[in-house]
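Please have the model open as you read.

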Amino acid sequence: MLGEGILKGLAETARNFAGSFVSKERLTTVQYPEERAPAIEASRVFPFLVYDGPEWEAGLRCVACQICEKECPPKCIYIEKSKDKKPDYVGKLQIYPARFDIDVSVCMSCQICVEVCPFEAIKMDTEFELATDDRFGGLLHDRKSLAKSNEYYHTIHPTEAAEVDARLAEEKAKVEEKARAAAAAAAAKAAEAPKSEAPKTGEGTEAQ
Amino acid sequence: MTSSFAENLDQIFVLLKHWIVALVPVPLQPLVGAVLSVAAIIVVFATLFAIAVLMERKGLGRMQNRYGPNRVGPLGILQPAADGIKALIKEDVVPYNADHVVHFLAPIVLVVVVFMGYAVLPIGRNMTFVPMDAGLLFYFAMGASAELSVFMAGWSSRNKYSMLGAMRAIAQMISYEIPLLMTSVIVVMMTGSLSLDKIAEVQNQYTWGLPHWFVFTPMGFAAFVMFAIAATAETNRSPFDLPEGESEIIAGYFTEYSGFKFAEFFLGEYVAMLSISGLGATLFLGGWSAPLEVLNVVPSWFWFVVKIMTAMCVFIWMRGTLPRLRQDQLMNFAWKFVLPMTLLDLMVAGLWRFMGEGILRWVVCSAILLAAYVIGGRAGMKREQFGPRSYRYAE
């Protein structure tokens, strides 16, 4: 009969109306500032720089190779290389960024910097409350504010961070293996012909 | 003592007005009285508008399992104030090519004519601003002027969306104006008066404590249903909100309005809803009369407000439930179902009058209307059977 569907629909909305007062599960809204939705692992907002160990400046993985700076589509990254060098995670001496700035207002969260980084040094953060009342300084993040520990990386993207750690450990083991083999070979050679010099080995990781 | 207290409470606004008017010199008294009444109507119905908007936003939210506005003030009750301030401080943009004068006048015309309708509505016992003999006629004249404002807005904006919205609005409002008038004619036939005060007065009688509202007669009920449908269409409410149709034509006829002019359209729409609810209540639901005889101690104006706010709740409920109609469905519904039903209802009202007292007329009139409803509904809902779709050139 005409109007039956309307009555059914009205009953449905009435049920929702009454039900929303009775059961909290019906209400899907998360009252944002007071309560928060659980963090989504795959979410990404803005890049940060990963550091190992307790000291952020010493532990920065970034070697200031500037690939991200060149690849960044909106050109929001600015890097200045250091004059001196510091050891990286395998103990090799590398230059480091003396300045590493990213402009939040320009960044488009594309993650290209993360994908091109050969050192697993830059990753995407899930922190989204980047609003500030300082239009210029507040939106330009320097390396200090960008540096976040590997532990933090593990808390926001556990799966990805574990993969990265495994890869780095593997690489480190490979390097160490190679070094050990080289050392052994050198020792053997030295034992055999003490006059000859040990050959130098090393990964060609010093990207420039 | 209690009855006199109830009477005083019932007439409190009338007494207040007389008391204030008595304070000014005699030559000024009519003017002051009129200004007082107008101010009261504007303040009261603008407040009801704010309450209705809040109710709508919160109610719709609940129907969709959301909270609705709950940030401004406790439980979000100050949201209308925030909306008002926002509308006031917004930039007023007028399109370069718009007809500036008409563009400026349209929202004013809407608000003015919509408030004019209240002049003849009996808001309570002895509480009609202008107790006109042809109040119903005046009301419909004002209601029809709202269409003018809509077309002024749509035409002067020089925008295709506004134009389409205005065209739709005109087509829709004129189509539904006819059933709206026809259903009112049924009430006029039953009371023999065009005066809204008289109509409310006639319904303010009780048998066994139950009221003599027209909605409790077969043709009155049918007329009330048709009136409700036509009133929804007349005020451009969902499911008849084609003139706005935000998914197709942005905001329809007021696409090019911003800031306070937009707020005026918004106000006009809601005040028109309140006013047509008031008319519906007066015609079919006994106006200011109490739903039970014993409840007559409660002031009459309270019952009127309760009735229109209940009608608003139904409007909101409908909006939360029904999707928008298509233009052809809208027209078919108006001309092929609502109008024939109203015409039949007119005849039934005549039959009722001439069948005399007794149970027989209840049975006969109800049967005719029910049968017409079922048959008309069946016929209207019958789908045209098309064959399988064939493509002439795409084989």
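Predicted model: local features only at pLDDT ≥ 70, side-chain atom pairs only at ≥ 80, totals over all residues.

Residues are numbered from 1 along each chain as its sequence is written, with chains lettered from A and ligands numbered from 1 in the order in which they are written.

Let's begin between the chains. Here 13 residues of chain A are in contact with 15 residues of chain B, contact meaning that C-beta atoms, placed from the backbone, lie within 7 Å. On the chain A side, six residues are nonpolar, six polar and one charged. Nonpolar covers Ala, Val, Leu, Ile, Met, Phe, Trp, Tyr, Cys and Pro, charged covers Asp, Glu, Lys and Arg, and polar covers the others, Gly among them.

A:Asn16 sits in helix α1 (residues 4–22) of chain A. Leaving aside residues up to four places away in sequence, A:Asn16 touches B:Met63 and B:Asn65.

Now to chain B, where α3(B) and α12(B) pack at about 40° with axes 10 Å apart. Helices are DSSP runs (H or I, at least four residues), numbered from the N terminus. The contact residues are these:

| Helix | Residues | Contact residues |
|---|---|---|
| α3(B) | 29–63 | B:Ala52, B:Met55, B:Glu56, B:Gly59, B:Leu60, B:Met63 |
| α12(B) | 300–321 | B:Met312, B:Ile316, B:Arg319, B:Gly320 |

By class, the residues of this contact comprise six nonpolar, two polar and two charged.

Conventions:
Contact = placed C-beta atoms within 7 Å. Axes fitted to C-alpha atoms, helices over the stretch in contact; angles between N-to-C directions. Helix = DSSP H or I, 4+ residues; strand = E, 2+ residues; numbered from the N terminus.
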